[in-house]
Amino acid sequence: MKSIEFPDRSQWKGLLERPALSNAGLYDTVKAILDQVRDGGDTAIYQLEKKFDKAELTSLQVEDNMFTEAEKLIPEELKSAIRAAAGNIAKFHKSQIPSLQKVETTEGVVCWQKAVPIQKVGLYIPGGSAPLFSTVLMLAIPAVTAGCNEIILCTPPDKEGKINPAILFAAKTAGVSRIFKIGGSQAIAAMAYGTESVPKVSKIFGPGNSYVTAAKQLVSLKDVAIDMPAGPSEVAVIADDTADASFIAADLLSQAEHGPDSQVMLLTTSARILSEVQAEVTRQTALLPRQQIAGRALDNSRLVLLKDMDEVMDLANGYAPEHLIIHAANAGILAEQVVNAGSVFIGEWSPESAGDYASGTNHTLPTSGYAKAYSGVNIDSFIKKITFQQLSREGLGKLGPIVETMAAGESLDAHKNAVSIRLARK
């Protein structure tokens with residue numbers, strides 16, 4: 001990791017840059033896949049699965065017996081852990097369900113807002129070297145809690161056409177309606193456009209590689225909503241002189257092992273902590289099975305020494321990290337100063353891994369600085385809010401002249417007349 005000491009504020013912009021990814025030809029490639037699925041339906045999906053996932057499929061939907069088989073393959077300890085995590089995630093997200101409040105804005109004029117679940121949602125779960133069964137829980141449980149009628153899930157099969165058993169068990173535990181053996185951009189296309197087997201959904205959720213991300217961006221232009229812009233995983237750690245260097249190094253590496261394009265940052269006021277963390281990162285990296293992946297991510301990463309906590313908080317909020325961990329004596333006070341972050345972990349006993357799996361908060365979070373404007377996935381992600389208003393004759397009598405005046409001011413005479421014709425009625 002690169003160390004930077006006491007950078008001038010004029011250098012901060014460079015410090016906050018994420019790894020630059022080459023997207024040359026990416027969108028053209030993805031658009032061709034989207035068009036192929038939109039025009040060819042299931043036939044195109046079979047062809048693309050053979051090409052990209054090396055799977056010769058005879059059906060796209062996961063059969064019921066595969067869930068039973070998957071449950072037998074999973075150790076009881078893991079099943080218990082998944083159930084416990086599911087309970088915490090459900091408990092936290094149930095607390096977010098909005099309540100209905102009616103407001104009388106003017107005498108005789110009553111307004112209210114009703115939360116209505118999105119009827120059909122699609123979830124994408126990556127496969128690859130680290131099948132993210134935890135993300136199944138993070139997406140499906142809020143969808144079920146919100147009351148979505150149909151929840152479908154796409155995830156890539158292996159060469160034998162099978163799905164990771166933990167993904168299947170998590171999906172069944174969470175309440176997913178149907179699962180399809182489809183990966184990559186073709187999965188996003190299937191959910192966005194619909195095929196003979198896969199229903200078209202109204203909103204797509206879930207992480208993925210650059211091809212999945214590009215596909216989500218393209219289909220969101222006119223065909224379907226998506227959860228948020230997404231990029232490589234990232235964490236920033238804030239530390240003072242009281243922090244434990246081994247804890248910090250472990251937190252940094254927990255994100256670095258996600259992928260070579262991940263980024264981790266340490267922001268500290270202690271030269272000693274910076275030096276100790278650098279040494280501890282080297283020591284712990286050598287012990288990781290995914291050390292090559294983590295090592296490449298560390299090439300994108302930085303250790304930054306700053307003069308005081310005011311600078312630390314300014315730089316952290318400017319970075320707007322997906323995950324922010326605060327290792328400091330006054331961690332709770334510093335947490336109150338956070339305005340840009342996906343999820344915040346307060347104190348030395350709050351590792352980011354807890355939020356990734358089982359504390360109850362959602363781990364599907366904005367990256368690449370989008371935490372300045374986006375929230376992570378929550379109940380609101382799966383609902384839409386419809387406003388209602390009901391006016392009595394007396395209410396329109398009080399409000400009508402205001403509306404007439406404003407409509408006339410905008411030269412919208414038909415708007416004014418919709419009120420005037422009622423007020424003239426005896």
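Five strands form an open sheet in the order E6-E5-E4-E7-E8, and their pairing is parallel. Two strands count as paired if DSSP finds at least two bridges between them. Strands (E, at least two residues) and helices (H or I, at least four residues) are DSSP runs, numbered from the N terminus. This is a predicted model, in which local features need pLDDT of at least 70 and side-chain atom pairs count only at pLDDT 80 or more, while totals for chains, interfaces and linings use all residues. Residues are numbered from 1 along each chain as its sequence is written, and side-chain values use heavy atoms, with hydrogens and water left out.

At the edges of this sheet are strand E6 (178-181) and strand E8 (225-226), each of which pairs on one side only. Strand E7 (residues 203-205) is joined to E8 by two bridges in the parallel sense. Here Ile-204 stands opposite Ile-226 in E8.

Another open sheet has three strands, ordered E2-E3-E14, with antiparallel pairing. Strand E2 (102-106) and strand E14 (383-391) each have a single partner strand, so one side of each is left without a neighbour in the sheet. From one strand to the next, the twist averages 30°; axes are lines fitted to C-alpha atoms, for helices over the stretch in contact, and angles run from 0 to 180 degrees between N-to-C directions.

Strand E3 (residues 109-117) pairs with E14 over nine bridges in the antiparallel sense. Gln-113 stands opposite Thr-387 in E14. Helix H15 (residues 393-409) lies across E2, E3 and E14 and runs at about 95° to E14, where contact means heavy atoms within 4.5 Å.
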